[in-house]
Amino acid sequence: GMYIGTPWTPLDQNTAGMQRLRAAMSTYFPDDTIDLYAQTAWISCLIFEHALELMGSNVTQANLIATLNSIRGWDSGLGPVENYSPANHVGPLESALMQLQGAGTSGWKLVTVHGAISG
């Protein structure tokens, strides 16, 4: 089967970030559950929101790129502290698609996109 691994699941499910996500989901998508897909989509929105707040009224494509590349020490309240640069667009962790091959056999293995998990 295919899996998705994501760092956006805090051990403490009552963080400010999780509370905000739960409030948004109950308002706009009351019939949906908060799963890994919802958390991963939410963090993407939060990163964009944070960049817009940092940009202020100077909203241009060039400023958006520069702002996103300069985010340092930002805590979304949902996952790890984020640090970005022109050379690092994935932050400290990234979501990765994974596939379990040979499930139930002694030779099973977890295969991930570009070797995100090994060993």
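Of the 13 residues in the largest nonpolar core, the ones that touch the most other members are L21, W42, I43, L46, I47, W74 and L78. Such a core is a set of buried Ala, Val, Leu, Ile, Met, Phe, Trp, Tyr and Cys residues joined through side-chain atoms within 4.5 Å. Please keep in mind that this is a predicted model, where local features need pLDDT of at least 70, side-chain atom pairs count only at pLDDT 80 or more, and totals for chains, interfaces and linings use all residues. Residues are numbered from 1 along each chain as its sequence is written, and side-chain values use heavy atoms, with hydrogens and water left out.

- The largest share, five residues, comes from α2.
- In soluble globular proteins, nonpolar side chains tend to be buried together.

**The overall layout**

- The chain has three helices and three strands, and from the N terminus on its elements run β-α-α-α-β-β.
- Helices (H or I, at least four residues) and strands (E, at least two) are DSSP runs, numbered from the N terminus.
- Of the 119 residues of the chain, 30% count as buried.
- Here, buried means under 20% relative accessible area, exposed means over 50%, and partly exposed is in between (1.4 Å probe, protein chains only).

- With 13 residues, α1 reaches 18 Å from its first C-alpha to its last, close to the 18 Å expected at 1.5 Å a residue; the expected span is 1.5 Å times one less than the number of residues.
- G17, M18, L21, A24 and M25 are buried in α1.
- Seen down the axis of α1, these buried residues fall within an arc of 125°, so they line one face of the helix; the arc is that of the directions from the helix axis to the C-beta atoms.
- An α-helix has 3.6 residues a turn, so residues three or four places apart point the same way.
- On the face of α1 turned away from its buried side, you will find the exposed residues A16 and T27.
- M18 in α1 has a relative accessibility of 2% and so counts as buried.

- The structure holds one salt bridge, in which the side chains of E49 and R20 meet (2.7 Å, N to O).
- E49 lies in helix α2 and R20 in helix α1 (residues 16-28), so the pair ties together parts that are 29 residues apart in sequence.
- A salt bridge is a side-chain nitrogen of Lys or Arg within 4 Å of a carboxyl oxygen of Asp or Glu.
- E49 is partly exposed, with a relative accessible area of 28%, and R20 is also partly exposed, at 41%.

- F48, L52 and V59 make a nonpolar surface patch of about 260 Å².
- Patches are made of residues with over 30% relative accessible area and no salt bridge: like charges are joined within 9 Å, nonpolar side chains (Val, Leu, Ile, Met, Phe, Trp, Tyr) within 5 Å.
- L52 sits in helix α2 (residues 36-55) and counts as partly exposed at 33% relative accessibility.

**Pairs separated along the chain**

- M18 and L78 are 60 residues apart in sequence, with 6.1 Å between them in space, C-alpha to C-alpha.
- Y84, in the loop between α3 (61-69) and β2 (96-101), is buried with a relative accessible area of 8%.
- The C-alpha atoms of Y84 and S70 are separated by 5.9 Å, and the two residues are 14 residues apart along the chain.
- N14 belongs to the loop between β1 (2-5) and α1, and at 47% relative accessibility N14 counts as partly exposed.
- Between the C-alpha atoms of N14 and G77 there are 9.8 Å, with the two residues 63 residues apart along the chain.

Conventions. Accessible areas come from the Shrake-Rupley method with a 1.4 Å probe; for residues, only the protein chains shown count as cover.
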